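Keep the viewer open, try each task, and then compare your steps with the solution.

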Amino acid sequence: MSDKLKILFVSSEVAPFAKTGGLADVAGSLPPALKEQGLDVRVVMPRYKIVEEPMLTRLDFPITISGRKETAVIKEHRDGLVSGGHRVPVYFVDNYHYFDRKGLYGYPDEAARFAFFCRAVLEMLPGLDFNPDIIHCHDWQTGPIPVLIKEKYTNDPFYQNTATVFTIHNLQYQGNFPPDCLDFLGLPKELYSPEKLEFYGDVSFLKAGLIYSDLINTVSKSYAKEITTPAYGEGMEGILRMRSDDLFGILNGIDYTQFNPSNDPLIESHYTSQDISHKTDNKYALQQAMNLPVKDVPLLGVVSRLASQKGLDLLAQILDKVLAQNTQVVLLGTGENYYENLFKEAAAKYPDKFAAYIGFNAGLAQKIYAGCDMFLMPSKFEPCGLGQLISLRYGTIPIVRSTGGLADTITNYNPETMQGNGFVFEEPEADQFWQAANRAIQVYQQPEKWAGLVKNSMNCDFSWARSALDYTDLYNSAIKKQQQKI
Ligand code: ADP
């Protein structure tokens, strides 16, 4: 038998198969990095309608949800996740009723959908003959797994040595549902109590993960601290303080083979930190694609979910001033109607200076990361943030609010010492954001300094290697913790 640590990643989205945000990037790129460290990692996610990958059926079995018999069909991707010469098997939980729908989320039966997913994951493992040392759960959609293991599979020999790790990618999304959702999980009503799953009159899938997992982590050290305070804790701060000995922060990375300006097939022209001269070709191609005048003015970019978390109200407030500096701004995003309309209106007002693409478009995102000079992330909170990491990799200078992972990755540029990799502001206030943007625009006017800053940013290393080692340590600690309880 192999003594490799066996890890099952459970995530509601995994890039490149289905993605709405950073969770998918992490679930698609951390497993190959762990594999590189010698771990036996596998991944499971729902088989949504948009996932049209070649796959083989491995097994099927019934699950009864509130008296209704549903079939879980377990499929395996023909190739799996392949990166850096490593292949990670990927399983899909398929069910026509719950997952054969256009989108990933936002349906009225969300509790039943993800209860089904979690139960199917635990039922499939014996059939796949894969007994993980760690089940690594991500966000509320997978919160029921730790509670099912401890309350439902207590005496099941298969799960006697299985530890759970729960990663918070965003505490704002909690999966809170009326108490009768316990039926979907096949769990007793007694679990609806303040010490267990009750949360302000609902059952919280997120709280289930926070209370029952052996160890918890989030995706930056700063966010791990912030979420123990009322300002960032989204009501969960008490629980997180109670579990503070078991709460860790491990910074996300990005896949440096996928995000690579020297060979990215999605961008116009390739470049490296040694020779950035072709970066401007990408700028001109982007201006053309977005119907903006093609010229050498500072080009600022945004790629973001359009949600209030992202602080884009601040952008709307300073847009007139920024554009008055002979700049252009391009925005790619989708989300809340309010922001979609706000930026459509701005595009109509400034046809020669501001362009917005409302929608999800991975190819355009790469063109923005490569083609812009600066990247804007004025977030109210940011667990880690991947946009600024991808921007750094492409020599596009982040202008960020100092919060969560943005605070842990971006250091303010000092024109005297020429140290730093971005422009940072502290408080979520329009004037502070404007000052930071204006500092960036001023440095841009000094080409030598700017080129040095671009180099600084491209020489940063936010690949997964270091964080993958931290995860390996976290898994070993979780196993020890689980064993102590027996
Ligand atoms: P979050 O997970 O909160 O959405 P992150 O910065 O951690 O924020 O990750 C966002 C990821 O989603 C990045 O890879 C970003 O490029 C991508 N993304 C966000 N919106 C879009 C969009 N409209 N089109 C393409 N990619 C997008």
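Over the ring of which residue does the charged end of Arg 101 sit? The charged end of Arg 101 sits over the ring of Tyr 107, 4.9 Å from the ring centre. The rule asks for NZ of Lys or CZ of Arg within 6 Å of the ring centre and within 35 degrees of the ring normal.

Before you go on, a word on the ground rules. This is a predicted model, in which local features need pLDDT of at least 70 and side-chain atom pairs count only at pLDDT 80 or more, while totals for chains, interfaces and linings use all residues. Residues are numbered from 1 along each chain as its sequence is written, and side-chain values use heavy atoms, with hydrogens and water left out.

**Exercise 1. Find the largest nonpolar core and look around Tyr 475.**

Step 1. A nonpolar core is a set of buried Ala, Val, Leu, Ile, Met, Phe, Trp, Tyr and Cys residues joined through side-chain atoms within 4.5 Å. Buried means under 20% relative accessible area, exposed over 50%, and partly exposed in between, with a 1.4 Å probe and protein chains only.

Step 2. The largest such core holds 98 residues, and Phe 205 and Tyr 475 have the most contacts inside it. Helix α3 (residues 110–128) gives the largest share, 13 residues. Helices (H or I, at least four residues) and strands (E, at least two) are DSSP runs, numbered from the N terminus.

Step 3. Now select Tyr 475. Leaving out neighbours within four places in sequence, its contacts (heavy atoms within 4.5 Å) include Leu 5, Phe 9, Ile 134 and Val 165.

Step 4. Another core, of 70 residues, lies apart from this one; Leu 319, Ile 399, Ala 430 and Phe 462 are among its members.

**Exercise 2. Trace the sheet that contains β10, and say what packs on it.**

Step 1. Three strands form an open sheet in the order β10-β12-β11, with antiparallel pairing. Two strands pair if DSSP finds at least two bridges between them.

Step 2. At the edges are β10 (176–177) and β11 (198–199), each pairing on one side only. Two bridges join β10 to β12 (residues 202–204), and Phe 177 stands opposite Val 203 in β12.

Step 3. Helix α6 (residues 205–212) packs on this sheet and touches β10, β11 and β12; its direction makes about 50 degrees with that of β12. Axes are lines fitted to C-alpha atoms, for helices over the stretch in contact, and angles run from 0 to 180 degrees between N-to-C directions.

**Exercise 3. Why is the ring pair of Phe 177 and Phe 205 edge-to-face?**

Step 1. Rings of Phe, Tyr and Trp (its six-membered ring) pair if their centres lie within 6.5 Å; planes under 30 degrees apart count as stacked, over 60 as edge-to-face and the rest as tilted. By this rule there are 23 aromatic pairs.

Step 2. The centres of Phe 177 and Phe 205 are 5.0 Å apart and the planes are at 70 degrees, so the pair is edge-to-face. Phe 177 lies in strand β10 and Phe 205 in helix α6, so the pair ties together parts 28 residues apart in sequence. Both Phe 177 and Phe 205 are buried.

Step 3. Phe 425 counts as buried at 3% relative accessibility, and Phe 433 at 0%.
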